[in-house]
Amino acid sequence: MSQTTDLFASAALGPLTLPNRLVMAPLTRNRAEADGTPTPLMATYYAQRASAGLIIAEAATPNAVGQTYPDITAIHTPRHVAGWRQVTDAVRDAGGRMFLQLQHGGRVGHPATSGLTPVAPSPVPLPGTIFTPDGHRPAVVPREMTVEDIRGTVADFARAARRALDAGFEGVEVHSANGHLLHQFLAANTNRRTDGYGGSLTARIRFTAEVAEAVAAEIGAERVGLRVSPGNTVNGIAEGETEEIYPALVERLGGLGLAYLHLVFADPDAPVFHRIRAGWPGTLVANPVLQEMSGPAIEEASARLLNAGADLIALGRPFLANPDLVTRLRLGAPLNQVRERYLMYVGGATGYTDYPALGDGAAQPSSASSVALDGPRVA
Ligand SMILES: Cc1cc2nc3c(=O)[nH]c(=O)nc-3n(C[C@H](O)[C@H](O)[C@H](O)COP(=O)(O)O)c2cc1C
């Protein structure tokens, strides 16, 4: 934890020294091979963004049933490890550092995508439809996980974390945010269990805590981050007791020595932000959700969060559209805006590796425009 509000000051993170406090937030871009193996194009994309203090690579699924959407990445076979290795090598050669986000979708999944019936804490389907290789399909009722499934999934996360290190990552981020499996255990409307994994607050936080603990035991707590999104209703989540769940989770995990806690939609005016900050002894990564994507807007949001006790600032779409975001912010240069929003979650090089850095020529409109997040497909 530090008191600096300088985005460009270096920071210690576990065994790493970050050259600045800007973190690239995990961004699912659906450019992997059908089996989840990363491609050479992905190595180019991440290497372009290596000046981030830390890159948190997009969600990778730790087992087959955890797959959310088509062409997302995975980390449960030797082939996945080899594919990721070319990405981490390219980023390291470009001077960067990377964690990998581990995400199990739970009920955010479909047999048309994974070939398997999704699993979840309770048989409560995602409202509405979900995107599959055959287009949007009605969500299916997930199978309720047995205690044996829960233990197996915890072990899958730990194995995936080991594979991530084998693939050259510096660490992993456990995804307990945005309505995916771990968040489904935290939330009252998706967790109707009455065994030791549901019911009381202590029981609802247990699965997330056990995953974090198992991953920390496997690769060392200083190489493990945890992402949460208090109050986020994406993917049909209604947590109930948001003000209590996260302080309880922080209390349970605070002594573990994790590398960081990462808050999505971090709001320094929200009481829960302050309760989490007060209870979390380690590094706090804050991801504001920007209505306007401009240097001044980022600086203002970052200053408020750093003043309120955040240590690092995570940004998603600004890094998506600006491979040299750190330089642009340093110089006060205009930012590229996100183009062709449908290419955020599908496609090849267009809308992916063709966002220009300063000096690349290809001028873009420099005026800030409002960019809203896609609803159902935000990972
Ligand atoms: C294209 C896209 C993909 C995303 N993929 C992920 C993901 O894989 N994991 C995750 O935790 N959040 C994901 N998110 C959420 C972002 O990490 C981030 O929280 C969100 O974009 C808000 O930050 P921003 O205003 O800086 O973009 C995604 C968002 C976008 C726009």
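Let's start with the lining of the second largest cavity. Its residues divide into two nonpolar, three polar and three charged. Here Ala, Val, Leu, Ile, Met, Phe, Trp, Tyr, Cys and Pro count as nonpolar, Asp, Glu, Lys and Arg as charged, and the others, Gly among them, as polar. The model is predicted: local features need pLDDT of at least 70, side-chain atom pairs count only at pLDDT 80 or more, and totals for chains, interfaces and linings use all residues. Residues are numbered from 1 along each chain as its sequence is written, and side-chain values use heavy atoms, with hydrogens and water left out.

Back to the cavity. A cavity is a set of points, on a 1 Å grid over the protein atoms alone, where a 1.4 Å probe fits but cannot get out; lining residues have an atom within 4 Å of a point. Grid points are joined across faces, edges and corners, and a volume is the space filled by probe spheres set on the points. There are two cavities of 30 Å³ or more. Helices (H or I, at least four residues) and strands (E, at least two) are DSSP runs, numbered from the N terminus.

Now Glu170. Buried or exposed? Glu170 counts as buried, because its relative accessible area is 17%. The cut-offs: buried is under 20%, exposed over 50%, partly exposed in between, with a 1.4 Å probe and protein chains only. Glu170 sits in the loop between helix H4 (147-166) and strand S11 (171-176). Leaving aside neighbours within four places in sequence, its contacts include Arg92, Arg97, Arg223 and Phe99. Contact means heavy atoms within 4.5 Å.

On to the cores. A nonpolar core is a set of buried Ala, Val, Leu, Ile, Met, Phe, Trp, Tyr and Cys residues joined through side-chain atoms within 4.5 Å. The largest has 90 residues; Tyr46, Trp84, Leu100, Phe207 and Val215 have the most contacts inside it. Helix H7, residues 206-219, gives the most to this core: seven residues. Another core lies apart from it, with 14 residues, among them Leu16, Ile56, Phe99 and Ala259.

Last, Tyr45. It is in helix H1, residues 40-48. Tyr45 is buried, because its relative accessibility is 0%. Tyr45 and Tyr355 are 310 residues apart in sequence, yet 9.7 Å apart in space, C-alpha to C-alpha.

Note on methods: 1 Å grid on protein atoms, 1.4 Å probe; cavity = no way out; pocket = protein on both sides within 12 Å on 5 of 7 lines; lining within 4 Å.
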